[in-house]
Amino acid sequence: MTQRITSADVIITSPGRNYVTLKIVTSDGVVGWGDATVNGRELAVASYLADHVVPLLIGREADRIEDTWQFLYRSAYWRRGPVTMAAIGAVDLALWDIKGKSLGVPVYQLLGGAVRDRILTYTHTTGRDIAELKESVAEKLEAGFRAIRVQSGVPGLNRVYGVNDRGGAYEPAQRSAVAPEEDWDSDLYLKTAPAMLEEIRAHVGPDIKLLHDVHHRLTPIQAARLGKAIEHVGLFWLEDVTPGENQEILHLVRQHTTVPLAIGEVFNTIWDVKDFILTQSIDFIRTCVMHAGGLSHVRKIFDLGDLYGIQGAPHGPSDVSPITMAASMQLGLAQRNFGIQEYMGYPDLAKDVFTTSYTFADGYFTLGDAPGLGVDFDEEAAKKYPYEAAYLPYARRLDGTVADW
Ligand code: EZ4
Ligand code: CO
């Protein structure tokens, strides 16, 4: 029997931070959940969905996931972009959830079944200085993580990406009516980052995987210099060394260093990342399973990467909801060249709204057999947490110029 979409609703909730959730219901009474959260621009995606996508969904066959993807992408005429692709991603996740629930299987079974038993994951650590960073690392090792992203303060700069200037965990978006300002100076950073990474390596020993995120700050030649300077640290990856809108840029970095390179969390389609892949400039492609158009599109990106030994390593900060996280793990179980899953964790209040079936132990996530994506969303609980405007920071150089953030 053909199952049709009978309703689709956009729910905005803020249990500790803002999340945009799409609820699709079918004529069989099956409910599918999609995530549509774009950090700091939440309401734009909510409107794109509610005003322009939901009216097109009513009456469509819920089982035609690929057809719906192609229809939403191509009928919009206007191509790509974070708002459009996150909206399409939300619909895609909800439809995969529905298909899994309708057939009584987890989504990874629909993607070909498991090719591994568990999903390697890394989490974030941070400190205003190296001593504080070491405490943060110790905490996450104690919690069971075996792959860790390390970020620290830069002497001479007050506030930098990845570090809470009051200490403790770092969450970039701030609830405020204006975008918070951070500082940047590439020379100060380059002067201290290699020693910081060396010291952390000495602290954790050879077996812990270490990652570091440059967050789009360097020129290609600065990035090449950094890569050369830290080769002996043996990083699992160095992320977003350059802004990357010009995809050819990384090829230059690549020629100078063997440090594994990761990039892609801010990009939304295969077109935005194909040159990184086709020129074999990277080791990990970081497109998010929601921001880049859902499972249907991201698995194509990862398949393209597989031609060249490039691994998929989806974005997984606290600013994509547990629905995206679960979808990422469903793909992670079924995608041969899946490398690692970022898991930043969630505010405690988020557990009041989202219930997940994935579980963590010894550095890995395991998925249960819950049908669909394996996430439940509590609509009543969501009502307790109204939207609050929040902005991502931006950065200025010491002379006042706006820098890449
Ligand atoms: O800054 O998701 O690798 N992870 C990251 C994240 C991003 C945030 C932006 O919303 O770079 O922390
Ligand atoms: Co990043």
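Helix α1 crosses helix α3 in a right-handed manner. The model in the viewer is a predicted one.

**Stop 1: α1 and α3.** Select residues 42-57 for α1 and residues 82-103 for α3. Two packed helices are described by the angle between their axes and the distance between those axes. Here the angle is about 55° and the axes lie 9 Å apart. That angle makes α1 oblique to α3.

Now show the side chains where the two helices touch. On α1, pick A44, V45, Y48, L49, V53 and L57. On α3, pick V83, T84, A86, A87, A90 and V91. Colour this contact by residue class: eleven of its residues are nonpolar, one is polar and none is charged.

**Stop 2: α2 and α3.** How do α2 and α3 run relative to each other? Their axes come within 10 Å and cross at roughly 165°. An angle over 145 degrees counts as roughly antiparallel, and α2 and α3 are therefore roughly antiparallel to each other. The crossing of α2 past α3 is right-handed.

To see the contact, select I65, T68, W69, L72 and Y73 in α2. Their partners in α3 are M85, I88, V91, D92, L95, W96 and K99. Coloured by class, this contact shows nine nonpolar residues, one polar and two charged.

**Stop 3: the cavity.** Rolling a probe the size of a water molecule over the atoms shows where empty space is left. How many cavities of 30 Å³ or more does the structure hold? There is one. The largest cavity has a volume of about 30 Å³.

Select its lining: I65, T68, W69, L72, I88, V91, D92 and L95. Six residues of the lining are nonpolar, one is polar and one is charged. V91 turns up again here.

Stop 4: Move on to the largest pocket, which holds about 880 Å³ of space. Which residues are closest to its centre? Select N39, E265, V266, L392 and W405; these are the closest of the 31 residues that line the pocket. Then colour the whole lining by class: 15 residues are nonpolar, eight are polar and eight are charged.

Technical notes. Residues numbered from 1 in each chain as written. Chains lettered and ligands numbered in written order. Predicted model: local features only at pLDDT ≥ 70, side-chain atom pairs only at ≥ 80, totals over all residues. Heavy atoms only, no water. Axes fitted to C-alpha atoms, helices over the stretch in contact; angles between N-to-C directions. Helix = DSSP H or I, 4+ residues; strand = E, 2+ residues; numbered from the N terminus. Parallel < 35°, antiparallel > 145°, perpendicular 65-115°, else oblique. Left-handed = near helix turned anticlockwise from the far one by under 90°. Contact = heavy atoms within 4.5 Å. Nonpolar A, V, L, I, M, F, W, Y, C, P; charged D, E, K, R; others polar. 1 Å grid on protein atoms, 1.4 Å probe; cavity = no way out; pocket = protein on both sides within 12 Å on 5 of 7 lines; lining within 4 Å. Points joined across faces, edges and corners; volume = space filled by probe spheres on them.
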